[in-house]
Each structure stands twice: as C-alpha cells, then as structure tokens.
Amino acid sequence: MSKIYFSGINGVGISPLAEIAQDMGEEVCGSDMRRGELAPELEKRGIEVFYGEQDGEFLKKKIAEGVDWFVYTSALRPDHPELLAAREAGIRVTKRDEWLNEFLNKYDLKMLAVAGTHGKTTTTSMLIWAFHELGMPLNYAVGASLPWGARSNFDPNSQYFAYECDEFDRNFLAFHPYVASIVSVDYDHADIYPTVEDYQAAFAQFESQSEIVVKNTTIDERITLPGELRRKDASVVLETMRHLCDASDEELIDILNRFPGAERRFEEVSQHVYTDYGHHPEEIKATVQMAAELRERGNFKGFAMVYEPLQNRRQYECRKDYGDVFIGVDKLFWVPSFLLREDPDQPVLTPEDLIPYMNNPEIAEPAELNEELSQKLHQLREDGWMILMEAGGATGDEWIREVFKD
C-alpha cells in the first residue's frame with residue numbers, strides 16, 4: 001500500500017482520482033490553495049487536506065509521516081514549492097496521467113475516453129448514466145457531482161474505466177483508450193497549441209492511439225433532450241454504447257432522454273435559475289441555443305444571462321469570435337474574467353473591451369458580482385424571466401448559488 005499526496009486535490013480533475021485511490025485501499029492526503037465546492041466530500045471521506053499557501057511545509061510534514069508518492073496536476077508550475085520539496089525529498093513524483101495509467105494497468109481496465117474542446121463532462125456523465133440504468137458495473141471519474149451518484153467509482157467487477165480526457169497540456173496523449181468518444185474539436189488552449197493545425201494534429205494522434213473511435217455522429221432524431229449540443233452529446237453516447245452492450249436502440253434512447261444532468265452543466269439551482277460551465281465561444285453559443293429553446297418551452301418573458309469568461313489570455317484569442325454567440329439572449333451582464341494561468345505581459349481585458357465584439361452589444365452591460373446585480377436578477381425572475389449564469393470560473397457559480405439559495 002502506498003501513501004499518496006495529491007497536490008491540487010480539490011480540483012475537478014484530480015479529486016475523483018484521490019477518491020478512487022482511497023477506495024483502492026491507499027492512504028490519501030493532499031493540499032489545495034482554497035477550500036472549494038469539492039471539499040465536503042473529501043472531508044466526509046476523512047481525507048486530510050491542507051488549504052492555503054502551498055509552501056511545501058505541510059508536504060514535508062506528511063513525508064516525515066510516511067508519504068512516498070507525490071501526484072500533481074498540470075496546473076503546477078515547474079518551480080512550485082511542493083513539487084520542489086517532493087523532488088528534494090526523493091519520493092516518487094508523477095503527474096496524474098501517470099498515476100492513472102498505473103491504475104488502469106493494475107486492474108487491466110479498458111479506458112472509455114471522452115474527449116473534445118467542450119461537452120466532455122456532460123457526455124461522460126451521460127455515459128455513466130447509461131451504464132447505471134442498464135445495471136452494468138463501471139469504474140469512472142468525472143469532473144462534476146452527479147444527481148444519482150458520486151463523481152468517482154471503483155468497482156473491481158468492471159472491465160471499463162470511463163474518463164473525460166482533457167487536451168490541456170496534451171494530457172490526453174498519455175492514454176491509449178479502448179473507445180475514444182470525441183464530441184467536438186474547436187481550437188482552444190493557444191498557450192499549449194500555437195496553431196489550429198497543431199491542435200488538430202493532437203486529436204489525430206489521440207485517435208490513432210485508440211482502438212475504437214466515435215465522432216461526428218449525426219444527431220438521432222429520437223433524442224428529445226433540450227439543446228442541439230446536448231442532443232449531439234447523447235448521440236455520441238448512443239453510438240458508443242452500441243460497441244459496449246447488447247441493449248436495443250429503443251432502450252438506450254429512452255435512458256438518454258431521461259438523463260438528469262450533471263452539476264454546473266445547465267443545472268437548475270433555483271426556480272428558473274440555471275448555472276453552466278462554459279469558456280469557449282462555440283460552447284457558449286450552444287448553451288444559449290439550449291436556453292432559448294427552454295425559454296420557448298417554458299413561456300418565459302425573457303432570458304437574462306450573466307457571463308464570466310475564463311482566463312484573460314483566452315480572451316485575446318477568442319474575442320473576435322463573440323459576434324453571434326449571444327443571439328437569443330435578451331439581457332447580458334458581462335462580469336470580469338476569472339483569471340487563471342495568465343500571461344503577466346498581457347493587460348487584462350475588461351467587459352468594456354470585449355462587449356464591442358458582439359453583433360448585438362446593445363443587450364449587454366458591464367457588471368460586477370455584487371448586491372446591485374443580485375437585485376436586478378431577482379427582479380427579472382419575479383417578472384418571469386429565465387436567469388442563466390455562464391461561469392468559466394468558480395466565482396460566478398458560487399455567487400449565483402448564494403444569491404438564489406432557497
């Protein structure tokens with residue numbers, strides 16, 4: 001048995017892996033800069049976590065107590081104090097991908113990988129839901145809480161492991177999936193992929209490393225979930241399941257049409273108030289289309305959206321793509337970007353800088369996540385409007401939940 005320290009343990013990518021490690025019988029602890037939304041589950045499991053400045057002191061203490069394996073995310077810079085402390089101590093140091101590959105090899109698991117610029121979490125959640133409803137055992141890790149189960153599962157009776165494979169830092173190229181379900185390929189992560197061609201080449205390599213590839217699936221007209229993008233995701237899952245089970249299309253489609261959703265993926269957090277995770281213009285556009293469709297079904301008097309972009313460096317790359325993204329929104333409140341892994345030489349683009357790139361800038365106004373905005377949103381909901389928080393970062397999602405908590 002190993003004693004494993006997960007750095008960045010409260011992140012959506014690494015937290016489920018820490019839980020799986022504990023379920024395997026390993027001793028687990030870790031650290032993170034802040035206590036976020038995933039903290040309660042870690043605490044419920046009795047996993048010791050240090051929150052605050054990751055200066056290496058807590059890690060050194062745990063190494064003295066027997067920690068022998070340091071697992072970290074791609075978000076850690078090369079000179080991160082914990083990474084340096086782990087190497088100086090001479091314990092084993094690996095990225096999360098390496099740890100995961102060892103887990104797959106140890107239990108001889110076939111990876112069911114979901115990849116793409118956007119839609120990964122929703123599609124992975126749908127895949128898990130299909131296994132759940134069919135009564136098929138499944139190992140999995142997903143970056144969202146699920147209404148019907150945990151965000152991770154370890155089941156030695158399953159031959160499969162479902163996982164959303166992130167292309168950031170070329171992480172997904174560490175794997176050789178049994179099935180690769182690719183839901184979208186729209187250029188992103190310019191800090192990792194200098195050109196569109198480079199980005200597409202990485203996906204082509206990922207496909208070449210996979211035994212079965214499912215992509216570019218035509219939307220099945222029998223799928224009735226709201227939103228074209230969600231129907232496309234469900235169609236990808238339908239085709240994937242055809243390779244994995246003997247269930248009829250009719251049974252699978254019924255299951256997918258009953259998909260209850262996942263946290264922060266167009267999740268209704270209060271009556272007529274939704275929160276969604278989106279950071280790429282194409283993904284946001286698809287979410288707006290789904291919301292507009294629901295607005296018509298629900299006979300809402302209007303559709304108001306609060307938009308929190310993710311990452312300033314991404315705004316420099318995508319600002320010219322905002323043109324028709326918000327067509328269908330009646331009122332847009334644009335708040336400052338959630339900053340993460342930024343280029344210090346780039347001035348921060350403000351809502352005032354970005355709104356003019358819209359084709360319909362007259363619907364938008366700069367805003368802050370404050371009491372003034374809260375009052376405006378409450379009034380709009382009272383007037384019969386639908387409210388959507390499109391938050392690329394954690395701040396907006398946490399804020400909207402607090403504002404409309406019942």
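Predicted model: local features only at pLDDT ≥ 70, side-chain atom pairs only at ≥ 80, totals over all residues.
Local features were taken at pLDDT of at least 70 and side-chain atom pairs only at pLDDT 80 or more, whereas totals for chains, interfaces and linings use all residues. Residues are numbered from 1 along each chain as its sequence is written, and side-chain values use heavy atoms, with hydrogens and water left out.

Five strands form an open sheet in the order β3-β2-β1-β4-β5, with parallel pairing. Strands (E, at least two residues) and helices (H or I, at least four residues) are DSSP runs numbered from the N terminus, and two strands pair if DSSP finds at least two bridges between them. The edges are formed by β3 (48-51) and β5 (92-95), each of which pairs on one side only. Within the sheet, β1 (residues 3-7) and β2 (residues 27-32) pair in the parallel sense over five bridges, and K3 stands opposite E27 in β2.

Helix α1 (residues 15-23) packs on the sheet and touches β1 and β2, contact being heavy atoms within 4.5 Å. The direction of α1 makes about 170 degrees with that of β1; axes are lines fitted to C-alpha atoms, for helices over the stretch in contact, and angles run from 0 to 180 degrees between N-to-C directions.

Helix α10 (residues 281-298) reaches 25 Å from its first C-alpha to its last, close to the expected 26 Å, which is 1.5 Å times one less than its number of residues. Its buried residues (under 20% relative accessible area, 1.4 Å probe, protein chains only) include I284, V288 and L294. Just after α10, N299 takes a positive phi of about 55 degrees.

Key: Buried < 20%, exposed > 50% of the residue type's maximum accessible area, 1.4 Å probe, protein only.
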